[in-house]
Amino acid sequence: MRDGNVGAATLVGRGLIPDDIKNRIRDRVDIADVVGRHVSLRRAGQNLVGLCPFHQEKSPSFSVSPSKQMFYCFGCKAGGDVFAFLTKITGVTFQEALRELGDKVGIAVEESPAERMRRGQTHRIEEMNRASMTWFHANLRDSQIGATAREYLNRRGILPSTVESFQIGTSSSEWDGLCKFLTRKGFTHSEITTAGLGSPRSNGNGHYDKFHGRLMFTITDLRKRVVGFGGRVLDDRTPKYLNSPDTPLFKKGQTLFALDQAREAIVRTKTVIVVEGYFDAIALHQAGLTHTVATLGTALTAEHIQALRRFADRVVLLFDPDAAGVRAALRGLDLFVNSGLGVKVVTLPVGEDPDTFMQKEGAGAFAQLEAAAPSLLDYALNHMVQQADDGSLESRIRSVDEVLRILQKGEHPIERQERIKIVSERLRISEARLIERYPALLAQSKRGAEAPRPQPTERTPLNALFKGLPEERDLLVLLLHGKLAPADVRRLRPESFTVAPCRKLVEIALAHVDREGRVQVQPVVDESVADLDCSALAVELSMREDHFDDVQAHIAACFDRLDRKRSERLMGELIARLKTAEREGRIDDARLLNMQINEVRMRKAGTPTAGVVSLVKE
């Protein structure tokens, strides 16, 4: 019972940092405060509840336990400790979450000299970027410096509220205005160059601004850090758009413009619109389509896709209807083939781009285009077929060579066959002809049919996992809520549980028994959440609030039923072995097995047979 949402993030790098440091930070942090910055919570019994930030829902299924310092969503099954929440909601690594929380509670996390230098450099660049953003924004408000930029924004239909929301600004026409501002703030020319904000002049006489005389767009990450900038000229200079270069803080191939502002809407709709330009993204946001992001002068990358998968199930590609936009959409087919995301391509009328279309037609017209949009595969096939020189069979097949090459990469054999079927239907030829032309495709299809690649194990729902086994579920619920007395703990046996994650959880519990014979619940929760084998089970059972009329009587009944079932399993195994021994003529073995069977029968006769009546719905 493994779940990538639970525990995995908390495992990353844990071996590199002492448990004592991690536990001290977690003990000083209130998970309710951390989660409350992202989710509106209200009290419900011992826990706090709210709408899950990781999937769309109308009724709260997201729960936070201040006493256990854990969160869990009974809808999408995301859960874990405060570090897991931060890694999932902000995209930071475990080490980054640990250090961020450590800084807030005054606990230093040991770093290597290289890590310390890298983190210091990153922090310094972010400080420079934030100072630069303030300067750009002040320039835009300046009556003289910002006049041309304000007029341009007004002509493009960008509202003042949108300017504030996206922190749009302008650089000055001076060749070194920003460099002089930053040096007055205490930053060196070397730091300014590293941040990609300035460069030394070729004649050695000072430094010049990278972005002088441009309208400036602020690029922020999911942690609201200012990581870079994009600049557009307001005259005929080239290049028209210029982005910050890659720095220790900023990677164009991993960053999407406006993702921090779009994340909430993406999570709510499970859909993300991807455009290519700053103005396109801003225009869609201004029109109410706030689940829109933009690439930063680069094609979509595998890192972009990975980031989108964390929040969305569906992707809408909205590129300009020119040749460059078509190429951008087609490049996406290779990236999305095994992503698990549903992808559609919206084509705008000729002569329109997303910015102008939204201003002329509005969100309603775009919704109609989206509803009628083809899948990325259909879009690619349509385009390839249109590129055929004539209507001959060979020409039609040649036109989709690249599409079929990409389809061969499909990991799931059934999905791959369905896609080939779509291709054959679009080309109006049989699947056999396609396979005949592509022996490699046929070979891969056969390999997939004979030995399909193992697919990720899907999480078994709790009700299905414990079907017919309520005693195992209830005992662990009560264990994780600290209800087992020392006498109960002495009856715990991992081998009595048939569900593998339960056995692992019991093993962990028995390793954390205090001198009085009671299970220390918090250490058990901490260790089990960090264990892939039982993390999902531990989190979900810990967060349940089941009610039992007579707890001790229920515990006793659960143990009795476990013992009885174990005896029945043992009896079945012994009888099977006895039959084999008799069939093979092993008289001594048969005699010994008969004695063991009689002993089990005698013990079973003395075992109470009270049934378990669980008050939890199965």
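**Helices and strands in the model**

Author: Helices α24 and α29 are oblique to each other. Note that this is a predicted model.

Reader: At what angle do the axes of α24 and α29 cross, and within what distance do they come?

Author: The axes of α24 (residues 470–480) and α29 (residues 551–583) cross at roughly 135° and come within 9 Å. Angles over 145 degrees would count as roughly antiparallel and 65 to 115 as roughly perpendicular, so this pair is classed as oblique.

Reader: Left-handed or right-handed crossing?

Author: The crossing of α24 with α29 is left-handed.

Reader: Which residues make the contact?

Author: From α24, Pro470, Glu471, Glu472, Asp474, Leu475 and Leu478 take part. On the α29 side the residues are Val551, His554, Ile555, Cys558, Phe559, Arg561, Leu562 and Lys565.

Reader: How many of those are nonpolar, polar and charged?

Author: Eight are nonpolar, one is polar and five are charged in the contact of α24 with α29.

Reader: Next, α28. Why is that helix described as largely enclosed by the rest of the structure?

Author: Nine of the nine residues of α28, which spans 535–543, are buried, so the helix is largely enclosed by the rest of the structure. The buried residues include Glu540, along with Ser535 and Ser542. Leu537, Val539, Leu541 and Met543 are also among them.

Reader: Switching to strands. What does β14 pair with?

Author: Strand β14 (residues 314–318) is joined to β12 (residues 271–275) by four bridges, and the two run parallel. Five bridges join β14 to β15 (residues 342–346), also in parallel.

Reader: Which residues are partners there?

Author: Threonine 271 has arginine 314 in β14 as its bridge partner. Valine 316 stands opposite lysine 344 in β15.

Reader: How many residues of β14 are buried?

Author: Four of the five residues of β14 are buried, which leaves the strand mostly covered.

Reader: And the antiparallel sheet, what is its strand order?

Author: The order is β6-β9-β10-β11, an open sheet of four strands with antiparallel pairing. Its edge strands are β6 (169–170) and β11 (241–243), each pairing on one side only.

Reader: How many bridges join β9 to β10?

Author: Seven bridges join β9 (residues 214–220) to β10 (residues 226–233). Threonine 220 has valine 226 in β10 as its bridge partner.

Reader: Which helix packs on that sheet?

Author: Helix α12 (residues 278–286) packs on the sheet and touches β9, β10 and β11. The direction of α12 makes about 70° with that of β9.

Definitions and conventions: Residues numbered from 1 in each chain as written. Predicted model: local features only at pLDDT ≥ 70, side-chain atom pairs only at ≥ 80, totals over all residues. Heavy atoms only, no water. Buried < 20%, exposed > 50% of the residue type's maximum accessible area, 1.4 Å probe, protein only. Pairing = 2+ DSSP bridges. Contact = heavy atoms within 4.5 Å. Axes fitted to C-alpha atoms, helices over the stretch in contact; angles between N-to-C directions. Parallel < 35°, antiparallel > 145°, perpendicular 65-115°, else oblique. Left-handed = near helix turned anticlockwise from the far one by under 90°. Nonpolar A, V, L, I, M, F, W, Y, C, P; charged D, E, K, R; others polar.
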